[in-house]
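User: Hi, I'm new to this one and would like a careful walk through it. Could you take my questions one at a time?

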Amino acid sequence: MPAARHVALTLSMLLAGTGIAAAQQCGGDFGQFLEGVRTEALAKGLSPAAVDTAVANMRQDPKVLAADRAQGVFAQDWQQFATRMVNGYRLSQGRANLEKHAGVLSRVLDETGVPGPVIAAFWGLETDYGAVLGNFDTLAALATLAHDCRRPELFRPHLLGAIEIVDRGYLTPAEMKGAWAGELGQTQLLPEEYIAYGTDGDGNGRVDLRQDAADVLFTTGKYIQSLGWRRGEPWLEPVAVPSDFPWERAALVNKEPRSAFASLGVTKADGSPLETDELPSSLILPMGRGGPAFLAFPNFDIYLAWNKSLVYSLTAAYFSTRLAGAPPVDMGSPQPGLDLETTKQLQQRLTDLGYDTGGIDGIIGENTRAAVRQEQIRLGMPADGWPTPDLLSAL
């Protein structure tokens, strides 16, 4: 999965201590920047040999900056993205890997509560089960992004984490190749995650997330557990929604007991009744009331923590259900949506009306959907949060 998956860190954590603060500057002379990185890494107690070896492999990569400024994959609608990503190859390979690594995944489930299909979905989406790891030099990529002043508070800690990976002997600089934003290994974890959750799954004394499947599965399970996975609970379920449903209640931010949706006529996809319990749920209509419908449960929040894009997160969660044995979802007959440019036009009009859409980027995120719902209510349209040409014309 070529898109970057970033875990935000606060700047206050980075600026602990006057000497460290002086080394946190971005921009300026790259050589001086690297000297600051070296000073900070030594202050963390990393060995001079590892620090010097890692810093010697740091350089600026203009291809990294180009990739950082050209993200557009999540401007696709959910049906386009999910159909492309949850394909026959990934499903068959995923099931084969679940069988092949059943013993390891059983141990991971016992220790973390995270089911194998959940891990396998991320594994398949991120790298096709280790087949496509990326060929960017990790140290160069992270040095480039940490030196760039757009998000140094995010990337500098991971640059130091990459040095620590070298110091621990997990990977050499030459082995550290991955995605453009510094993600490493078969599930594309960032270096600080590699350090914090890296687990030697086969007991060979080394945590190698590029080549060792047992290490990959254990580490990924522990990372997902750290995000708050709730053992034994579902994460996503396709449902059928009646035509008279109060559509304004279909929003990721609207969490209600599953029994409340059952009382409104929502059923399982096959028409059988929902459980009438108090499990918090949200009704997600990724393509409006005419398209597929899902109930998302607290564990779905873990997918959003992995990647904040609803398109990616819903695809990963749906992929997990398929690997767990669920049938394909009925895509329905959604109303035509907007393309990248018309979505930007919509966001501009919504911004002009005073809404915060989260940016004029052509990506339909939760802010844009919330604004769309408000305008649909104002205009007397079903408030399902799905932007259409009719809505754009009415604004």
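Analyst: Before we start, a term: a salt bridge here is a side-chain nitrogen of Lys or Arg within 4 Å of a carboxyl oxygen of Asp or Glu. Please also keep in mind that this is a predicted model.

User: Okay, how many salt bridges does the structure hold?

Analyst: By that rule the structure holds 22 salt bridges, and one of them is formed by the side chains of E40 and R156, with N to O at 2.8 Å.

User: Which helices do E40 and R156 lie in?

Analyst: E40 lies in helix α3 and R156 in helix α11, so this pair ties together parts of the chain that are 116 residues apart in sequence.

User: What about disulfides, how many are there?

Analyst: There is 1 disulfide in the structure, and it joins C26 to C149 with an S to S distance of 2.0 Å. C26 sits in the loop between α2 (18-23) and α3 (30-43), while C149 sits in the loop between α10 (138-147) and α11 (152-168), and this pair, 123 residues apart, links distant parts of the chain.

User: Is the disulfide of C26 and C149 right-handed or left-handed, and why?

Analyst: The torsion about the S-S bond of C26 and C149 is about 115°, so the disulfide is right-handed.

User: Switching topic, what domains is the chain divided into?

Analyst: The division gives domain 1, covering 236-310, and domain 2, covering 340-394. The contact involves 12 residues from domain 1 and 8 residues from domain 2, and the centres of the two domains, taken over C-alpha atoms, are separated by 21 Å.

User: And how much area is buried between domain 1 and domain 2?

Analyst: About 890 Å² is buried between domain 1 and domain 2, with carbon and sulfur atoms giving 57% of that area.

User: Which residues form the salt bridge with the closest N and O atoms 3.4 Å apart?

Analyst: That salt bridge is formed by D384 and R289. As for the pair of domains, the count between domain 1 and domain 2 is 1 salt bridge. On the side of domain 1 that touches domain 2, the residues divide into 9 nonpolar, 1 polar and 2 charged.

Technical notes. Residues numbered from 1 in each chain as written. Predicted model: local features only at pLDDT ≥ 70, side-chain atom pairs only at ≥ 80, totals over all residues. Heavy atoms only, no water. Domains from an automatic or database assignment. Contact = heavy atoms within 4.5 Å. Buried area = accessible area lost by both parts, 1.4 Å probe. Nonpolar A, V, L, I, M, F, W, Y, C, P; charged D, E, K, R; others polar. Disulfide = S-S within 2.5 Å. Helix = DSSP H or I, 4+ residues; strand = E, 2+ residues; numbered from the N terminus.
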